[in-house]
Amino acid sequence: MGVTATLSGFAAGIRLGAVPPAVAARARFLVLDLIGNIVRARHDAESTSSFINAVRGMGMAAGNTGVFGDACRYTPAGAAFLNGALAHSLDFDDTHAAGSLHPGAAVIPAALAAGEMAGAHGSDVLAAIIAGYEVTCRIALALPAGEHYDRGYHPTATCGAFGAAAAAARVFGLDADGVSDALGTVLSQASGSLQFLANGAWTKRFQVGWAALNGLMAATLVREGFKGAAEALEGRHGFMRAYAPNPNPERALQDLGASWELMNTAVKPYPSCRYGHAGIDAALALREAHDLQVAEIESVRLGLSKSGMLLIGAPADKKQNPRNVVDGQFSGPFVISVALATGAMGWDSYQLLADPTVRSLLPKIECVFDPEIEAEFPTNMSGKLTIEARGRRFEQKVVVPKGEPGNFLSEAELRGKFAGLTDAVLGAERAATLANALLAIDSTGSISGLMRHAAPLMAARLAGE
């Protein structure tokens, strides 16, 4: 069988009872992590009102499907889009280093919306999510993601659309041919551009929500008898050959069912581009170990990989002068400046974009290509920070940033991140109830029942109203 057929058979046949317990446990943690992002973004992200009002304007706000952190109900398409866009709005969602993408943001919203449509059991939804992660990440590895990036594509959206389609198709109970048709249909909808980097545009968030919606749409079409293109991934005009110059389609099948790319997925302790996290870890460690003060710092150098430089390091003048949240999320100098100035880097740190202390550090922070860090990529999104202060040099290399699979967050740390994002929206008690429900998602008889914990008690608090 070809690549598309093999991945489709894997997605159609996956059953939670046959998945290694460690994979199922990690999947629950990834669901918890993503939903926390959605709840907070529903209220705090500056693009949210545009998303909500557009969905309402298109008639997608009159349905029975839930959006996390929202008391209203939406159509399945509206919910998949909003949950996907909101999941990616804080840039605090999970990452897969070798695939250079965020696999959960499109996959989980599509699976949950399909679950509400089908009245699916939570175990089927969680199995579908696991399948969606594998499809998304394995496609990215086969491109490979770096060459896909070089063409200006955003793999979270492009590869994520296929993972979303596979997950929704699995929830619907489609057979291998049905999943293949869903992949062949979403092929016509796979899109996502890096041009958002030019001006801090909100399109990065939009295209991930669109990928979730497109995956759900593709699976729904096939459920109703629609026929998709064959060999959607490896074909002459398929995704891999059209979207990358030198793909290795067979890489997508390597150790399929034995090695789980979901287990190679990291969670973010900081709400910014993952390429800056090793530098943040180093900045926090050096600040604490040496009691470094902003006034003492003469210069800072952040060593990055080629991909890291592309996203958070260059052009230097732009990265040293972030003007909005998106600029800050993709600015190595900003996140390092905040970490050194405050000893933290959280969502509320973006309120410091104009802070004089943070601004005073920005021109002192230089991002440079570091061959030593490049050698760690793509296995690790590493970084090396060098600080000149007090006439001395302080240096720390971080190979495996906090949150990576080899340095994963504990359940307590994940719950802490979730509470930090959701307590202000839902209240601590309701947020804790939602967390417990998400961590028991595979025991949920109906996904719709789980969603009742996801809405704030007072709709008047919602953004866009």
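Which residue takes a positive phi in the hairpin of β7 and β8? Arg 390 does, with a phi near 60°, in a hairpin that has two residues between the strands. The legends below describe a predicted model, in which local features need pLDDT of at least 70 and side-chain atom pairs count only at pLDDT 80 or more, whereas totals for chains, interfaces and linings use all residues. Residues are numbered from 1 along each chain as its sequence is written, and side-chain values use heavy atoms, with hydrogens and water left out.

View 1. Strand β7 (residues 383–389) and strand β8 (residues 392–398) pair in the antiparallel sense over seven bridges; two strands are taken to pair if DSSP finds at least two bridges between them. Helices (H or I, at least four residues) and strands (E, at least two) are DSSP runs, numbered from the N terminus. Within this pair, Gly 383 stands opposite Val 398 in β8, and Glu 388 stands opposite Arg 393 in β8.

**View 2. The open sheet of four strands.** The strands follow the order β6-β5-β7-β8, with mixed pairing. Because β6 (365–369) and β8 stand at the edges, each with a single partner strand, one side of each is left without a neighbour in the sheet. Neighbouring strands of this sheet are turned against each other by 15° on average, direction ignored. Helix α12 (residues 277–290) packs on the sheet and touches β5 (297–304), β7 and β8, while its direction makes about 135° with that of β8. Contact means heavy atoms within 4.5 Å; axes are lines fitted to C-alpha atoms, for helices over the stretch in contact, and angles run from 0 to 180 degrees between N-to-C directions.

View 3. The buried residues of α13 are Ser 307, Gly 308, Met 309, Leu 311, Ile 312 and Gly 313, and what covers them includes α7 (145–150), β5, α14 (316–319), α16 (332–342) and β6. In the loop between α13 and α14 lies Pro 315, which is joined to Ala 314 by a cis peptide bond with omega of about -5°.

**View 4. The packing of α8 on α9.** Helix α8 (residues 155–171) and helix α9 (residues 176–186) pack at an angle of about 150°, with their axes 9 Å apart. The crossing of α8 past α9 is right-handed, where a crossing is left-handed if the near helix is turned anticlockwise from the far one by less than a right angle, and right-handed if clockwise. From α8, the residues Ala 161, Phe 162, Ala 165, Ala 166 and Ala 169 meet Val 179, Ala 182, Leu 183 and Val 186 of α9. The residues of this contact divide into nine nonpolar, no polar and no charged, with Ala, Val, Leu, Ile, Met, Phe, Trp, Tyr, Cys and Pro counted as nonpolar, Asp, Glu, Lys and Arg as charged, and the others, Gly among them, as polar.

**View 5. The packing of α2 on α20.** The axes of helix α2 (residues 21–44) and helix α20 (residues 428–439) come within 9 Å and cross at roughly 145°, in a right-handed crossing. On α2 the contact is made by Arg 28, Phe 29, Val 31, Leu 32, Ile 35 and Val 39, and on α20 by Leu 434, Ala 435, Leu 438 and Leu 439. These residues divide into nine nonpolar, no polar and one charged.

**View 6. Helix α10 and the loop that follows.** Of the 21 residues of helix α10, 15 are buried, so α10 is largely enclosed by the rest of the structure. α10 is followed by Gly 225, whose phi is positive, near 100°. Glu 231, found in the loop between α10 and α11 (239–243), has a positive phi of about 50° although it is not a glycine, and at 48% relative accessibility Glu 231 counts as partly exposed.

**View 7. Backbone details in two further loops.** The peptide bond from Leu 143 to Pro 144 is cis, with omega near -15°, and Pro 144 has its place in the loop between α6 (122–142) and α7. Ser 100, in the loop between β3 (95–96) and α5 (104–118), has a positive phi of about 50° although it is not a glycine, and Ser 100 is buried, with a relative accessible area of 5%.

Methods:
Buried means under 20% relative accessible area, exposed over 50%, partly exposed in between (1.4 Å probe, protein chains only).
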